[in-house]
Each structure stands twice: as structure tokens, then as C-alpha cells.
Amino acid sequence: MTVDWWTIGLQVINVSVLIWLLSKFLWRPICAVISGRQQEIAAQLAQVTDGQKQLEADRTAIRDARNGFEQEGARIVQQAQQDAQSARQAILAKAQQDAAALEEGAKQRIAQEEAESQARWRSDAAALSCDISGRLLAETGCCSTARDTLFSRLLKAIATLPDRERLSLRDGFTCATATALDATDRQTYENALTTAVGGNPSITWAVDPDLVEGFAVKTPYLTVASNWQADLVRIREGLSHAGH
């Protein structure tokens with residue numbers, strides 16, 4: 001078998017040219033396309049990775065927000081429970097205070113009503129006792145000794161008057177008695193009154209049964225009393241205020 005070296009050489013040259021042409025016009029574009037595609041795929045993979053990271057971050061943020069909402073909700077519920085408890089305690093305390101105030105007010109009103117009732121009873125009892133005593137004294141009359149005692153008290157009352165009031169009696173006054181006096185007694189009393197007052201006063205005698213017994217010296221501006229009516233009034237007032 002004979003080897004044709006020129007044929008082999010030409011074939012080698014043809015193959016070399018073909019390889020050069022393929023590498024220049026086929027493999028490089030294909031490689032460039034593959035490389036670009038790989039870069040696009042890598043970029044897309046990077047975007048997917050970033051998206052996954054962002055998604056995970058969003059999930060974490062949502063989870064944290066949900067936990068925050070749950071904690072805030074729990075805090076709000078707890079605060080509402082505390083506020084409700086405080087409000088309930090405040091309402092109970094206010095109700096207790098109001099009840100205590102009402103009870104105290106009721107006690108005070110009851111005590112006041114009892115005091116007023118007792119005062120009315122004392123006043124009524126004193127008035128009744130004095131009225132009975134006055135009627136008994138009026139019906140039984142009075143001895144001369146008692147009348148003289150009442151007149152002596154009248155003279156003492158006149159003597160203790162301020163000078164201006166005592167001197168005003170010199171202009172004249174009315175002397176009332178419970179019963180009419182005879183001429184002798186009236187003259188005796190008139191002389192004593194003139195001496196007590198001084199000067200020469202004009203004395204008008206009058207009868208006032210309401211005095212029960214005793215005397216009352218009167219002017220338009222002054223009254224000096226020494227009689228059982230005035231005594232009974234003082235006794236009644238004393239009995240009425242005895243419990244105060």
C-alpha cells in the first residue's frame with residue numbers, strides 16, 4: 001500500500017482550516033451565547049436568592065409584627081383588666097363612702113329630731129306645769145308676806161337700773177298689780193316707789209290679772225317686773241333649756 005503524503009497533507013490543512021473556521025465562526029459565538037446565558041441564569045439565580053432573602057425578611061418582619069400585636073393585645077387586655085379593677089374598687093369605695101355619709105346623715109337627722117322632740121316635750125311640759133301653777137296660784141290667792149317679798153324684789157330691781165333708765169321713771173309710770181289694792185296698801189307701795197325713784201313721779205295704778213301675783217312698773221320704753229307671771233316664764237324657759 002502506497003501512502004500519498006500530499007493527500008494527507010492537504011487533508012491536514014483542510015482539517016486545520018475547518019477547525020480554525022469552526023472555532024472562529026461557530027464555537028466562539030456559541031461560547032459567547034452560552035456564557036451570556038450562564039450570566040443571565042446566574043443573575044436570575046441571584047435575583048431569586050435576593051427574593052428569597054427578602055421573603056424571609058418579610059416573613060420575619062410579619063412574625064415579629066404578629067408577636068408585637070399579640071404582646072400589645074395582651075398588654076391592652078391586662079391594662080383594661082387593671083382599669084376595670086381600679087374602676088370597680090373606686091365605685092365600691094364611693095358607694096361605701098356614700099352609704100357611710102347617708103348613714104351618718106340619717107343618724108344626725110334622727111339625733112336632731114330626737115333632740116327637737118325632747119326640746120318640744122320639755123317646752124310643752126314646762127309650759128303645762130307653769131300654766132297649772134299659775135292657775136293654782138291665781139285661784140288660791142297670795143298672802144301679804146309673799147306680796148311684800150315681790151315688792152321688795154321690785155324695789156331692788158329699780159335700784160339696779162342704769163341711772164338713765166331709773167331717772168326716766170321720774171317722768172311718771174304705771175304700776176300694775178294682779179289684784180286691786182286697798183287704799184292703805186296702795187299708799188304704802190306708792191311712797192316706797194317714790195323714794196326708790198326719787199323726785200315726785202306721777203304713778204298710775206292698774207290691774208293686770210295675768211301677773212298672777214306681784215307688780216310690774218311700765219313706761220312706753222321700760223318694764224320692771226316682779227311677779228309670779230315673770231317668775232313662771234323664767235322657770236318655764238329654764239325647764240325648756242334644762243337638757244341643752
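Which helix holds A192? I looked this up first in the predicted model. I found A192 in helix α4, which covers residues 183-197.

**Entry: A192**

Is A192 buried or exposed, or partly exposed? I read a relative accessible area of 24% for A192. Buried requires under 20% and exposed requires over 50%. A192 therefore counts as partly exposed, because 24% falls in between.

Next I checked contacts. Which residues does A192 touch, leaving out those up to four places away in sequence? I noted F151 and L155. I then looked at the spacing to L155. L155 lies 37 residues from A192 along the chain. Their C-alpha atoms are separated by 8.0 Å.

**Entry: the sheet**

I turned to the strands. What is the strand order in the open sheet? I wrote down β2-β1-β3-β4, 4 strands with mixed pairing. The edge strands are β2, residues 203-207, and β4, residues 222-227. Each of these edge strands pairs on one side only. I also noted the twist, which averages 20° from one strand to the next.

How do β3 and β4 pair? I found the antiparallel sense, over 6 bridges. Strand β3 spans residues 214-219. For a residue-level check I took G214, which stands opposite N227 in β4.

**Entry: helix against sheet**

Last, I went back to the helix that carries A192. Which strands does α4 lie across? I listed β1 (173-177), β2 and β3. I also recorded the direction: α4 runs at about 130° to β2.

Technical notes. Residues are numbered from 1 along each chain as its sequence is written. This is a predicted model: local features need pLDDT of at least 70, side-chain atom pairs count only at pLDDT 80 or more; totals for chains, interfaces and linings use all residues. Side-chain values use heavy atoms; hydrogens and water are left out. Helices (H or I, at least four residues) and strands (E, at least two) are DSSP runs, numbered from the N terminus. Buried means under 20% relative accessible area, exposed over 50%, partly exposed in between (1.4 Å probe, protein chains only). Contact means heavy atoms within 4.5 Å. Two strands pair if DSSP finds at least two bridges between them. Axes are lines fitted to C-alpha atoms, for helices over the stretch in contact, and angles run from 0 to 180 degrees between N-to-C directions.
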